[in-house]
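Open the structure in your viewer and keep the sequence panel beside it. This tour tells you what to select at each stop and what is there.

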Amino acid sequence: MARITASVYTSHVPAIGAAMDLGKTQEPYWQKVFSGYDFSREWVKRNRPDVVFLVYNDHATAFSLDIIPTFAIGTAAEYAIADEGWGPRPVPKVIGHPELASHIAQSVIQDDFDLTIVNKMDVDHGLTVPLSLLFGQTEAWPCKVIPFAVNVVQYPVPSGRRCFELGKAIRKAIESFDENLNVQIWGTGGMSHQLQGPRAGLINKDWDNRFLDRLIAEPEALAQVPHIEYVREAGSEGIELVMWLIARGAMSDITGAKAPTVAHRFYHVPASNTAVGHMILENA
Amino acid sequence: MSLHKPYLDVPGTTIFDAEQSRKGYWLNQFCMSLMKAENRARFKANERAYLDEWAMTEAQKQAVLDRDLNRCIALGGNIYFLAKIGSTDGKSFQQMAGSMTGMTEEEYRDMMVKGGRSAEGNRVVGEDGDAQAHRQPQGIAGRAAKGT
């Protein structure tokens, strides 16, 4: 059967992708960001997933204001890289896993989460920057990817509690798939940042680090934090962090197994407007 | 009965909710059109003519022409959509975000490198943080406005 072996959490700042695409990774400003991923690139070579279930948000790319799905699962065979206004990033196209994705959709919908099923969409930096951070510059991504897009653009976005519960349903779905697959679930976005208005540039190091502590040790309590706390403490775009709770809810300690191992933890300010957080949790 | 909106008293912040989205529908859809290279070229060739193809309000069109992102947001724009204007202009997200504070590009970048804007005094309207209305614009522009 398929198993979730680990969860990976990372910010997905577009400027990180641009720094890689434009060959700036050795500049001191960016070195500090990328140094936090040296371990992870080695780790992912040793723990190569067959499939990454990648939770991210679309940034007004595949979804305009015409259609705003709260949760959208990609069931396509492949996904093109989006042109976000400066041409598509020069990274490989993303290969999906339609069989597993459809299986997850069926299971999760039967568990009362009303997913939108997407068979055609371009993927933006929210999805490609995490892949670049973990796999580096490559001719082809080394695994299949199931894109899972969460609306965090138009309020109200789903609550932390709902995201956490959804994670549980996703794990149940994955573990009922017959093929032997090593699946990782990645939660992306955050950490504290605000991109708009006179309050742009807000960063809250203490709050972010407490979020990481609680994500490890008391995720269920963390999932009860209301949106307004994210907005006040971590900035209007810090709300992206609810997506990390989907990945955390999919870990096996949530239903009684041993606590996960913290394989890696990293925090740095800034990348462009944003606090960068990154963590790897391995299932016991 | 009115909707629950606990986020209206966060200083310097507009939450893009259903009401803002409804106001900004055409403004944001115009921005979306700039994801196609041929539309970017047409917009750049004649901004006014291109904007007139959209059912936007005159105020929204003027805010775009002025590249006044705070005004665009007040009129229903969302930053992820407005970012398409910035990328059409060749601006980074940091330049766009910084432009909304009144700070120069350098001032804003320095603030970020030093750890970003503190949440202290910036959580609720009426405190004294640097994002509060009475402290705008920020940076050199603000000091010039106060004559100090």
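Two residues are in contact if their C-beta atoms, placed from the backbone, lie within 7 Å. Keep that in mind as you go. The model is predicted.

**Stop 1: chain B**

Select chain B. Among its contacts between residues at least 6 apart in sequence, 59% join residues at least 24 apart. Now colour by secondary structure. Chain B has ten helices and zero strands. Read from the N terminus, its elements run α-α-α-α-α-α-α-α-α-α. The C-alpha atoms of chain B fill a box of roughly 45 × 45 × 30 Å along the principal axes. Of its 148 residues, 41% count as buried.

Next, select helix 10 of chain B, residues 139-146. How many of its eight residues are buried? The number is zero, so helix 10 of chain B lies largely in the open. Step just past this helix to B:G147, where phi is positive, about 70 degrees.

**Stop 2: chain A as a whole**

Switch to chain A. Here you will find ten helices and ten strands. The radius of gyration of chain A is 17 Å, close to the 19 Å that the globule rule gives for 284 residues, so chain A is as compact as a globular protein of that length. Its C-alpha atoms fill a box of roughly 45 × 40 × 40 Å, taken along the principal axes. Buried residues make up 56% of the 284 residues in chain A. Of the contacts in chain A with a separation of 6 or more, 83% are between residues 24 or more positions apart.

**Stop 3: where the chains touch**

Show both chains together. The contact takes 34 residues from chain A and 48 residues from chain B. Stay on the chain A side. Helix 1 (14-21), helix 9 (227-234) and strand 9 (261-271) of chain A each supply at least two residues there. Which element gives the largest share of the side of chain A that touches chain B? That is helix 9 of chain A, with four residues. By class, this side of chain A has 16 nonpolar, twelve polar and six charged residues.

**Stop 4**

Two packed helices are described by the angle between their axes and the distance between the axes.

Select helix 1 and helix 5 (residues 125-135) of chain A. They pack at an angle of about 55 degrees, with their axes 9 Å apart. That makes helix 1 of chain A oblique to helix 5 of chain A. The crossing of these two helices is left-handed. Show side chains. Helix 1 of chain A brings A:P14, A:I16, A:G17 and A:M20 to the contact, and helix 5 of chain A brings A:H125, A:T128, A:V129, A:S132 and A:L133. The classes are five nonpolar, four polar and no charged residues.

Now select helix 4 (residues 98-110) and helix 6 (residues 160-174) of chain A. Their packing angle is about 125 degrees, and their axes are 9 Å apart. That makes helix 4 of chain A oblique to helix 6 of chain A. Helix 4 of chain A passes helix 6 of chain A in a right-handed crossing. From helix 4 of chain A, the contact uses A:H103, A:I104, A:S107 and A:V108; from helix 6 of chain A, it uses A:A169, A:I170, A:K172, A:A173 and A:I174. These residues divide into six nonpolar, two polar and one charged.

**Stop 5**

Most residues other than glycine have a negative phi, and most peptide bonds are trans.

- Select A:G190 and A:M191. The peptide bond between them is cis, with omega near -5 degrees. A:M191 sits in the loop between strand 8 (182-188) and helix 7 (205-217) of chain A.
- Select A:V269 and A:P270. A cis peptide bond joins them, and omega is about -5 degrees. A:P270 belongs to strand 9 of chain A.
- Select A:D112. Its phi is positive, near 80 degrees. A:D112 lies in the loop between helix 4 and strand 6 (116-118) of chain A.
- Select A:S272. Its phi is positive too, near 60 degrees. The place of A:S272 is the loop between strand 9 and strand 10 (274-282) of chain A.

Is A:D112 buried or exposed? It has 9 other C-beta atoms within 10 Å, so A:D112 is exposed. A:S272 has 23 C-beta neighbours inside 10 Å, so A:S272 counts as buried.

Conventions:
Residues are numbered from 1 along each chain as its sequence is written. Chains are lettered from A and ligands numbered from 1 in the order in which they are written. Axes are lines fitted to C-alpha atoms, for helices over the stretch in contact, and angles run from 0 to 180 degrees between N-to-C directions. Angles under 35 degrees count as roughly parallel, over 145 as roughly antiparallel, 65 to 115 as roughly perpendicular and the rest as oblique. A crossing is left-handed if the near helix is turned anticlockwise from the far one by less than a right angle, and right-handed if clockwise. Ala, Val, Leu, Ile, Met, Phe, Trp, Tyr, Cys and Pro count as nonpolar, Asp, Glu, Lys and Arg as charged, and the others, Gly among them, as polar. The radius of gyration is taken over C-alpha atoms; the globule rule is 2.2 Å times the number of residues to the power 0.38. A residue is buried if 20 or more other C-beta atoms lie within 10 Å of its own, exposed if 12 or fewer, and partly exposed in between; C-beta atoms are placed from the backbone.
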